[in-house]
Structures are given as structure tokens and as C-alpha cells.
Amino acid sequence: MAKITLDNLAHSYLPNPKSEDDFALKELNHDWVDGEAYALLGASGCGKSTLLNIISGLLHPSQGRILFNDKDVTMAPTTERNIAQVFQFPVVYDTMTVRENLAFPLRNRGADPAYIKERVQQIAAMIGMEDTLNRKARGLTADAKQKISLGRGMVREDVNALLFDEPLTVIDPHMKWELRTQLKSLHHQFGHTMIYVTHDQTEALTFADKVVVMYDGRVVQMGTPQELFEKPAHTFVGYFIGSPGMNVLDAEVKGDTAIIGGNQIALGAGFGSPKGKVELGVRPEFTSLSAGDAGLPVTIKRVEDVGRHKIVRADYQGTPINVLVGEGENISPDMNRVVFDTAGVNVYSDSWRVAPQAA
Amino acid sequence: MSLILEGVSKVMNGQTHIHPTDLTLQSGTMNVLLGPTSSGKTSLMRLMAGLDVPNTGKVIWDGNDVTGMRVQDRGVAMVYQQFINYPSMTVYDNIASPMRLLKQSADQIDTAVRKAADLMQLSPYLDRKPLELSGGQQQRCALARALVKDAGLVLLDEPLANLDYKLREELRAEIPKIFEEAGSIFVYATTEPEEALLLGGNTATIWEGRITQFDKTPIVYRQPVDATTARVFSDPPMNFINVQKTGSDLDFGDGQSVSTASGAFAGLADGNYIAGFRPNHLKLEKETSSALSFTGKLMVTEITGSETFVHIDHHGENWVGLVHGVKNLEIGADLNVYLDQSHVYIFAQDGTSVAPASYATAA
């Protein structure tokens, strides 16, 4: 297992990049701690696959260095990096049996047959394919083939890192649960350095120790799921993480109060006088409906019952506000105001979070 | 107007894809087909569209038997998981193409195309080619084309599956609004329970070529007719435990039991049953005095930022709990969990629901 260092790293697909806009991956300095599980999360085109390809050696960066355990591997080919990779679509040898597929990376490296046998058995148990070990991969379902790909990715214990590129996209929701849980307990057991690329927030948050949120070629925040939820560093993080995402409202902020469309609310902490475009960000989880006089007067457009809670789609002077209401709670017709829990109110200046002043 | 399937079935290469199925869909409704991959969603849609002819049964459209009528002769629009557009045509021409085939006037076409483009937020891109658009825009282009066709029946086969999570969330919120206005029969296939709930309308749960239940979406979710429906319509999966009814006592093991003298479980015959409950109803605190209490081994926790999934081994059964807040718990340790009686569903050994959870029927 290895520590992975990104030193001054940047990449442009253009031969002579001129401005920052020309870079698909903007300058990045970072240490990936040995043995941690990371998720790279972002929308298509945010640069997450570019970064993964640089780490795996499929792509050489136009600027900067990449180090494995402090050794420069920037120009080293994939084969010399000693990493295992699992891709979005299954890569399986159809003419081989499931057992041969799983054993392949070990055989290639001349591992001891007794060890191979034992290790393959272990992995097969983990992916739930012990009963199909002797059958040919041809004709198996896409789910089963992807499980083989995952198993083969994890069969070697001596890799520097395990890289996953949207590995569960083709898997059914129920099976996703199982595989994700298995990956997680495997990480707990063996402590591999894992990097997992996905656009699915649930996968990223539940899998990783640290989630790296990317937007427009930049890492906008790296943190634990709790940090991303409670203190989104950028309005994009607030929007992208959470279902629905954070409510964002234009506001004027002075000290510990905010004025939103003519209505004043208390912020619970001082923020001075933030510069630039000032916005409040409040997650639907910190937003509630009220029949009282406090809060913002809204019109309720729609209530969606999503089982374990309801999503109330409200409108405040043309700005949508989403509110979460518990499964058993009633919404009475006189609830026409939205109230924010001050613990969940964040202030943004030009899209970046402003830290509250110490009391 | 309505679409009625009467005893429709489909067998291909000796394999039954659809068992004899009855289903009635009304105009202006959103109907979700919910089931895992290969459960028969696409097969059923192909029968509705007329792309396949059923082995038995009849398809009745607006009172007329259309079984065997070609798809071209029916008013059907279909959108697939893969974005299908004409790459050499502009977005405008792509959207206009079904209307041109019907030889409608240029004015009519222009009005409809611009309205659909507006709804799908494609107005700035009408002069572009599909491949110059993002994946989400390409699929919106395919959806807009289905919309202008003004078909009586619109079939959407996992239309958002290939899109980014966030984009899916946005389109999912838009789709029911758009379709409410259009007044057609909408059928939407998905593998995801959450998508069915967000779309609302009606849901048919499908399992191994059979519709297990068809009703308003929240009813199918809260009052599943059997354990299969409950399992299909639960993500994370529903948890199960074997229970035994003797006299006035329903025994959950671990010294936990519920009196059946009155209440939701009164009237159960003596015997073995399967109790089911949803992950979000499993609690880490005893919130009600009558809550059942269990101890399991904590296998894995997953934190989403605002909630924690706890995976528990309870006497060899895997249970999942979804609890509020971020919980840092010790893996491998024993964990006490609690379950309110009102959240328990009771199924017979064959899976048939015999006592729905009382919270679900109270509302």
C-alpha cells in the first residue's frame, strides 16, 4: 500500500494551454494517505476521470509530478505502478472459468498455487460466487461479470492502490448494496488505499473516508461526509450533495442578521460584512414549515411523498425552497412559512463559504 | 381513453417472459413499472406498444382491439435508456421529425417544437447537432421528440439511467409536471424504488414476469400485498425475521413478543410467519415503551453525511438500519436496536400479506 502525492499537478488536453480555462484539471497539490478510502465525486466533465487516469498512468500530466511513497512515477507506465483497476463495464475473459479469471493476476505474477487456491476461494466467498467457480464466464449476466471484475481487482494483496471507475453503474440497486458493503468491509479488513470515481453521491459518501468533490476541473472540497453535509465549502458542494440539494437564497448579511427579499432572519452567529455576491445556504434537512409569524412567507407548490419522508416544494418570491418533513408528520394548510434551524445556515460570498466569527 | 391488457402473455424460446397479465391504464396518468433487471418491464412495454405480439390475450386501446396491429399504426412514442437521436439533424429537426412524418403544417410544427424545447430547456440549442450536447441534453431531445408526437401512449424505458445522478434528480422532478399537462398515458420503467416514489402516480411492481401489485404509488409502498412486492419496493432492502404465533402471543425470539389479544395482529391463526420492517424504522433508541428490542453484531456502518446506515448480523440474518445523524459505532460489537410494533408487516409463509403495518393503514 502506498501514499500517493499529487505535486503541482495539472492537465490540459490542448498542446499549448494559455489560460486556466484550457486545463481540464487545474493545479492540484495533495497527499492521499496510505490505507484510506477516497471517492472522487462530480458531474460528467468535472475532471475526475482525468485525475484517475493520471494516477493509473493512462495519461501523463502536462504539468507537475505524481509520487507513490515519495517515488516519482509521473512518466512510469501503468504496468510499473503496481495498481489494480476496476472499470465501469466488466472486463472478463469469456473463455476462462470464473476461477481462472479470479486467479489471473496472481498467476501472472507467478504466485504459489496453494496460495492462489486459498485466495481465490476467499474472494469468491466475498463476491458470493463460490458455487460458480468452475463455470465459464461466457453467458453470465452483466452483474455476475462485474462481480468477477471486482473480485479480480481485489485478489492481489500487494498492490499500491485500488482504483475504481464507476464500478457499480451496471449493477441492480439491490446488488449495489451488497457489493458496496463488501467493498467497505474489505477495506476495513485489509486497509488498501482505494480511490473510487463516481457521480453517485450515495456511493461516494457511504464508501469513502474522505470525499473529494470536483467541479470544473477543480477540487472544491475534500472532507468527511459529515463535513460536506454540514459545512459545504462551495455552493456547488451544497447543491451536488444531498437529495434535494441545499437551498440557496440571495441575501444581504450584516453581522448576525440576514435580509432575504425584505424579510429579516437571525443567523445565530456573526459574519461581519461579506463581500461580493452574498448568499445563504440551508439544507432541506435544516428547514421546516411553520404556522407562526417567524420565518419567510412561502407558497407550497407540491408535496412529494418519497416514503421515509416528504419533500415539500415551496416558493419564496420566485426562489424554490425545499423542505423535508418526516413520514408521520402532518402538513396543515396554515403552514405557510419556512423557518431555518440556525445550526444549518451557511453564508457564502461569491460561492465560497464564509466561516462564522468566533463568539 | 384507456389501455387495457387482458390476459396478455409472452413466451420466447420456451421461456415465459410475461405470465398472463391484466392491467388497465387511464389517460393522463403516470404509471411506473418497478422491478429489477430482467423482471419483464421491457417485455411488457413492447407488448403495450405493439412491438411484440402477445402469445395469449388482447390489447384494447380506446375500446378497440389493437392486438396484432403494427406499432406504426398506433399512437405510441417510446424513449429508451440509450439516447436515440438523428446525429446529422439539428435538435430542431430531431424534435420536428415525427410531426413531419405525419405531414403537419410548418406553423403547427414550429409551435409544437418550440413549446417542447422550452419545457425541456433546449431552446438555446435548437441549431446544434445532438452530439454537440451533453448526455442530459441529448436525452431531453429524445424526450421532446416523444412529447411533440402527441401520442396517446408514451413509453419511457429507464430514460434517466444513463445520466448523472444530479441531472436525473432534476429531470425526474420535471417529467411528472410535463406529462400532467400532456394528458397521455405514461408508462415509465425503472429499477429504483426511490424513482417510483418521486414520480408518484401509480406503480406496478414486477417480479419474474408477473405484476405483483398495481395501485397508487404510496399504497403499493406502504401496503404491499406480499413480501415480494415489499422487497421490490424497498431500497435499502426490507428486513425480515421469522416469528411464531401461539395463543395470544406473537414470538419474535430473543425473548421479545407482542400480544395478539387485540390490535393489528389480532385474528392471526397459530403458526409460523415472516415479519418485515423497513430500514428507516429500525432505531438505536427505545422511542416507545412497547418497542421490540434486538441485539445484533454490527458489521459495517455507512455515513451519508446526515444519516448512518448500520448493517447488522442478527442470528445470521442481515439487517440494515437507516438512522438519523452521524453515528460512530464500534464495528464487530453488539448493537441494540429497537422496532416499534406499528412498523411491523406480517407475511404468511408463502409471502402473502396477512397484517399490514398499522402505521401504514392508520394514515
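In this predicted model, the domain assignment of chain B gives two parts, domain 1 covering residues 2-231 and domain 2 covering residues 238-362. The C-alpha centres of domain 1 and domain 2 of chain B are separated by 37 Å, and the contact between them involves nine residues of domain 1 of chain B and eleven residues of domain 2 of chain B. On the side of domain 1 of chain B that touches domain 2 of chain B, helix α8 of chain B (residues 227-232) gives the most, with four residues. By class, that side of domain 1 of chain B has four nonpolar, two polar and three charged residues.

Between the chains, 31 residues of chain A are in contact with 32 residues of chain B. The elements of chain A that give two or more residues to the side touching chain B are α5 (173-190), α6 (201-207), α7 (225-230) and β18 (299-305), and the largest share, seven residues, comes from α5(A). By class, this side of chain A has eleven nonpolar, 13 polar and seven charged residues.

The two sides described so far can be set out by residue class.

Strands of a sheet pair through backbone hydrogen bonds, either parallel or antiparallel. For strand β1 of chain B (residues 2-12) and β2(B), the pairing is antiparallel and runs over eight bridges; in one example, B:Ile4 has B:Thr24 in β2(B) as its bridge partner.

B:Gly152 is found in the loop that lies between α4 (135-148) and β7 (153-157) of chain B. B:Gly152 counts as partly exposed because 18 other C-beta atoms lie within 10 Å, whereas a buried residue would need 20 or more and an exposed one 12 or fewer. When residues up to four places away in sequence are not counted, B:Gly152 touches B:Met1, B:Gly75, B:Ser184 and B:Ile185. From B:Tyr359, B:Gly152 is 207 residues apart in sequence and 38 Å apart in space, C-alpha to C-alpha.

Notes
Residues are numbered from 1 along each chain as its sequence is written. Chains are lettered from A and ligands numbered from 1 in the order in which they are written. This is a predicted model: local features need pLDDT of at least 70, side-chain atom pairs count only at pLDDT 80 or more; totals for chains, interfaces and linings use all residues. Two residues are in contact if their C-beta atoms, placed from the backbone, lie within 7 Å. Ala, Val, Leu, Ile, Met, Phe, Trp, Tyr, Cys and Pro count as nonpolar, Asp, Glu, Lys and Arg as charged, and the others, Gly among them, as polar. Domain bounds come from an automatic or database domain assignment. Two strands pair if DSSP finds at least two bridges between them.
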